[in-house]
Every structure is written in C-alpha cells, then in structure tokens.
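Here is a short briefing on one protein model.

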Amino acid sequence: MSVHRKHEFEVAMTCEGCSGAITRILNKMGDVKFEIDLPKKLVWIESDKDVDVLMTALQKSGKEVKYNGTK
C-alpha cells in the first residue's frame, strides 16, 4: 500500500481563474486529493506521486510555484 503524503505548495494565484486552472490540471492527474486556499495562495496535494511530478504539473499553470514541504 502506498503512502499518501500531504505536500504544501505556494502558488502565485490571484483569482478564481488561477485556482480553476490549478484544479483542472490536478484533476487530470488522477489519484490526487487536493485543497486550494486562494487567499493564502496555498495548494495542498495528497498523493504518492513524486514531488517533482506535482511541481511540474503545477508549473503548467504558468504561475510561480514554491514547494514548502510536507505537512
């Protein structure tokens, strides 16, 4: 059984459109659970995928992404 870790990313989101783009990207990945806090510009992703894979996916939004570690 794989372990799902909760990863925290800071994403330079400014509006609903930004968070919507992130939502679409993550939904396409499959097997990820995520939460978006738009005011705090944070995205939490629960997945057994590699951090690099998640980071690359988030960067497809064209936004600046920073990895804050696991929570």
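**Briefing**

Lys 6 is partly exposed, with a relative accessible area of 29%. Here buried means under 20% relative accessible area, exposed means over 50%, and partly exposed lies in between (1.4 Å probe, protein chains only). This is a predicted model: local features need pLDDT of at least 70, side-chain atom pairs count only at pLDDT 80 or more, and totals for chains, interfaces and linings use all residues. Residues are numbered from 1 along each chain as its sequence is written, and side-chain values use heavy atoms, with hydrogens and water left out.

**Salt bridges**

- The count comes to two salt bridges; the rule asks for a side-chain nitrogen of Lys or Arg within 4 Å of a carboxyl oxygen of Asp or Glu.
- Lys 6 forms a salt bridge with Glu 35, and the closest N and O atoms are 3.5 Å apart.
- This pair links distant parts of the chain: Lys 6 sits in strand β1 and Glu 35 in strand β2 (residues 33–37), 29 residues apart.
- Glu 35 is partly exposed, at 43% relative accessibility.
- Glu 10 forms a salt bridge with Lys 66, with 3.4 Å between the closest N and O atoms.
- This pair also links distant parts of the chain, 56 residues apart: Glu 10 is in strand β1 and Lys 66 in strand β4 (residues 65–70).
- Both ends are partly exposed: Glu 10 has a relative accessible area of 32%, and Lys 66 has 47%.

**Sheet**

- Helices (H or I, at least four residues) and strands (E, at least two) are DSSP runs, numbered from the N terminus.
- Four strands form an open sheet in the order β2-β3-β1-β4, with antiparallel pairing; two strands pair if DSSP finds at least two bridges between them.
- β2 and β4 are the edge strands, and each pairs on one side only.
- From one strand to the next, the twist averages 20°.
- Axes are lines fitted to C-alpha atoms, for helices over the stretch in contact, and angles run from 0 to 180 degrees between N-to-C directions.
- β1 and β4 pair in the antiparallel sense over five bridges.
- Val 65 in β4 is the bridge partner of Val 11.

**Helices on the sheet**

- α1 lies across β1, β2 and β3, running at about 175° to β2.
- α2 packs on the sheet and touches β1, β3 and β4; contact means heavy atoms within 4.5 Å.
- The direction of α2 makes about 35° with that of β1.

**Nonpolar core**

- The largest nonpolar core has 15 residues; Phe 9, Val 11, Ile 45 and Leu 58 have the most contacts inside it.
- Such a core is a set of buried Ala, Val, Leu, Ile, Met, Phe, Trp, Tyr and Cys residues joined through side-chain atoms within 4.5 Å.
- β1 (5–11), α1 (16–29), β3 (42–47) and α2 (51–59) each supply at least two residues of this core.
- α2 gives the largest share, four residues.
- Not counting residues up to four places away in sequence, Val 11 touches Ile 22, Lys 41, Val 43, Leu 58, Lys 63, Glu 64 and Val 65.

**Cysteines**

- The structure holds zero disulfides; a disulfide is a pair of cysteine sulfur atoms within 2.5 Å.
- Cys 15 is in no disulfide, and its nearest cysteine sulfur, that of Cys 18, is 3.5 Å away.
- Cys 18 is likewise in no disulfide.
- Cys 15 is partly exposed, with a relative accessible area of 34%, whereas Cys 18 counts as buried at 6% relative accessibility.
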